[in-house]
Amino acid sequence: MKLAQFFQGQELQLGIVEGEKLSPLVFTGDFHAWLKAGKPLTTTGMTLQLDQVKLAAPVNRPGKIIAIGLNYADHAAEGKRDAPKQPLVFAKFPNSVIGPDEAITWSATITEKVDFEAELAVVIGEKTSSCQPDEALSKVLGYTCGNDVSARDLQFGDKQFVRGKSLDTFCPLGPWLVTADELKDPQKLAIRSRLNGKIMQESNTADMIFPVAELLSFLSRHFTLEPGDIIMTGTPSGVGVFREPPIFMQNGDLIEIEIEGIGTLKNLCRNKI
Ligand code: MG
């Protein structure tokens, strides 16, 4: 099932996407209220045209966003880094989340090296601590496309990640989440990014060094994972900063993240004046 969050005026509401249609849930309230209410799935019976609806991120304001660095060997190699022996963990602040078709924005006084990273984003479905890899996928509510937008000048200048990865709008998620019952194996999904229509990254989640089940098990031994938490599982090679010459996103650019079985997340770039 494709579960989307959309705007009803100023309020967020959930619905189920089928083809070009969206069926609103009877339940009124946002994703977090829906989790608290026990994930009711009854639909109203009416349908809306998807292209007439303004979608939001499938998870607005997650409790935490845990991101994994260097989780594809070809990406570690392009950055001239050894593949990590255990997951490299960092955080993005929840204020960075935006939805599909919202603008990624930044001020040139803060950064001039804004890069894209196509990532499979995992949405946690139940409270989890110290789980084993073989039970980890049962804790997943679903999967969505994520863009781990990165201000490389801040990231490399600071020698740690949080500022360069957490600017407002730097974590696009969407266009919806696909529930885990429909995506039983998250390790065989084609993943790509396109900048202004040109393919920049093209890989498969089979190439992750630490697969989703191992990541969740590892993370849950350190921090309790809560429903609605997001795990960004790392990006394959082809990011802008390691190209010759480097490519950074510019005002007016369109960046797309596409993952097999999920869909395509599209965001325009806008400089703040
Ligand atoms: Mg990343």
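Where is the place of S130? In this predicted model, with local features needing pLDDT of at least 70, side-chain atom pairs counting only at pLDDT 80 or more, and totals for chains, interfaces and linings using all residues, S130 sits in the loop between β11 and α3 (133-136). Numbering runs from 1 along each chain as its sequence is written, and side-chain values use heavy atoms, with hydrogens and water left out. Helices (H or I, at least four residues) and strands (E, at least two) are DSSP runs, numbered from the N terminus.

S130 has phi near 50°, a positive value in a residue other than glycine. Its relative accessible area is 46%, which makes S130 partly exposed (buried is under 20%, exposed over 50%, and partly exposed in between, using a 1.4 Å probe and protein chains only). N196, also not a glycine, has a positive phi of about 50°; this residue is in the loop between β15 (190-195) and β16 (198-204) and is partly exposed at 48% relative accessibility. Then there are the cis peptide bonds. One runs from G174 to P175, with omega near 5°, and P175 belongs to strand β14. Another goes from E244 to P245, with omega near -10°, and P245 falls in the loop between β17 (230-232) and β18 (254-259).

The magnesium ion picks up E117 (OE), E119 (OE) and D148 (OD) at 2.0 to 2.1 Å. Donors here are N, O and S atoms within 2.8 Å of the metal (3.2 Å for Na, K and Ca), and water is not among the atoms, so sites may look incomplete. Along the sequence the donor residues follow the spacing E-x1-E-x28-D. E117 is in the loop between β10 (114-115) and β11 (118-124), and D148 in the loop between β12 (140-147) and β13 (150-151), so the pair ties together parts that are 31 residues apart in sequence. Both E117 and D148 are buried.

A pocket is an open set of points on a 1 Å grid over the protein atoms alone, where a 1.4 Å probe fits and protein lies on both sides within 12 Å along at least five of seven lines; lining residues have an atom within 4 Å of a point. Grid points are joined across faces, edges and corners, and a volume is the space filled by probe spheres set on the points. The largest pocket comes out at about 290 Å³. Its lining has 19 residues, with L70, R81, Q155, F156 and F161 nearest the centre. The largest share, 3 residues, comes from α4. By class the lining splits into 7 nonpolar, 5 polar and 7 charged residues (Ala, Val, Leu, Ile, Met, Phe, Trp, Tyr, Cys and Pro count as nonpolar, Asp, Glu, Lys and Arg as charged, and the others, Gly among them, as polar).

The second largest pocket has a volume of about 210 Å³. Among the residues lining it are P175, W176, T264 and K266, and both domain 1 (2-56) and domain 2 (65-272) supply at least three residues, the bounds coming from an automatic or database domain assignment.

Finally, the largest nonpolar core holds 54 residues, and Y143 and M249 have the most contacts inside it. Such a core is a set of buried Ala, Val, Leu, Ile, Met, Phe, Trp, Tyr and Cys residues joined through side-chain atoms within 4.5 Å. Helix α6 (residues 212-220) gives the most to this core, with 6 residues.
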